[in-house]
Amino acid sequence: MSFPEIVSRERWRAAREELRRKEQAVERARVALGEERRRLPMVEVADEYVFEGGDGKATLLDLFGDRAQLVVHHFMFAPEQDVGCPCCAAFLDQIGPLAHLGARDTAFAVVSLAPFTRLLPFKARMGWTVPWYSSCPSDFNRDFEATVDRAGAPAERPGLSCFLRDGDRIFHTYSAYDDALDGIGALSGLLDLTALGRHPHSGDRLRLHDEYDH
């Protein structure tokens, strides 16, 4: 493991200031990119998808509750599995109280391919309270590209999709998949600030939070 160079406080401040100027340029670019993202056109969702959750059947409109916006986390969990994707689980671990989103007129929900009867025990094991739904057997995952064809076979990928409603009309505004989620969660964002970065330490890999040897 390679550690950074050891220098005086004065040299550290000078190096930090040089890096800060570059960070400010990246921040300005990030803000501009966010503004451009919000100017993306949107497409109306014509299909009435039906999900299964803790309260039974629910449509995509139901997932909004009384909010104007909805963020869906596409959580990789195949129908035949009993345990969800560790990377998706690590992302979901970082979602705090939904009141912060709700205060900004935004709902949050998790959607997976597995039947709800398989999702429920895993959700309880992880201690999550966020709304979680099964999209089986609808085409929701495929239509929003959380399930794609790779090497001639269907494959899941993690993602986020954002929706906006106008009355009962729903519009798809944005989606991000795979590595694009890295900068969204607090885990990768915090580790990127450290000297050793986000790479596994001591050969450890990303696991479910109750599988680490503490």
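Among contacts between residues at least 6 apart in sequence, 61% join residues at least 24 apart. The model is a predicted one. The protein contains seven helices and 10 strands, and its C-alpha atoms fill a box of roughly 60 × 45 × 40 Å along the principal axes. Of the 214 residues, 33% are buried. The accessible surface comes to about 13,600 Å², with 54% of that area belonging to carbon and sulfur atoms.

Helix H3 spans residues 86–93, and its buried residues are Cys 88, Ala 89, Ala 90, Phe 91 and Leu 92.

The side chain of Ser 112 makes a polar contact of 3.0 Å with the side chain of Trp 132. Beyond neighbours within four places in sequence, Ser 112 is in contact with Phe 75, Phe 77, Leu 119, Trp 132, Tyr 133, Ser 134, Ser 135 and Cys 136.

The structure holds 14 salt bridges. One of them joins Asp 210 to Arg 125, with the closest N and O atoms 2.8 Å apart. This pair links distant parts of the chain, since Asp 210 is in the segment after H7 and Arg 125 is in helix H5 (residues 116–126), 85 residues away. Both partners are partly exposed, Asp 210 at 40% relative accessibility and Arg 125 at 37%.

A salt bridge also forms between the side chains of Asp 149 and Arg 142, at 3.0 Å from N to O. Here Asp 149 is exposed, with a relative accessibility of 55%, whereas Arg 142 is partly exposed at 40%.

In the salt bridge between Glu 145 and Arg 157, the closest N and O atoms are 3.7 Å apart. Glu 145 lies in the loop between helix H6 (140–143) and strand E7 (147–150), and Arg 157 in the loop between strand E8 (153–156) and E9, so the pair ties together parts 12 residues apart in sequence. Glu 145 is partly exposed at 43% relative accessible area, while Arg 157 is buried at 15%. Both residues belong to a network of salt bridges that also includes Arg 150 and Asp 178.

On the surface, Met 1, Phe 3 and Leu 196 form a nonpolar patch with about 370 Å² of accessible area together. Phe 3 is placed in the segment before helix H1 (9–38) and is exposed, with a relative accessible area of 61%.

Key: Residues numbered from 1 in each chain as written. Predicted model: local features only at pLDDT ≥ 70, side-chain atom pairs only at ≥ 80, totals over all residues. Heavy atoms only, no water. Patch = residues over 30% accessible without salt bridge, like charges linked within 9 Å, V, L, I, M, F, W, Y side chains within 5 Å. Areas by Shrake-Rupley, 256 points an atom, 1.4 Å probe, with all protein chains shown as cover. Salt bridge = Lys/Arg side-chain N within 4 Å of Asp/Glu carboxyl O. Helix = DSSP H or I, 4+ residues; strand = E, 2+ residues; numbered from the N terminus. Buried < 20%, exposed > 50% of the residue type's maximum accessible area, 1.4 Å probe, protein only. Polar contact = N/O pair within 3.5 Å; in protein donor to acceptor, adjacent residues only side chain to side chain. Contact = heavy atoms within 4.5 Å.
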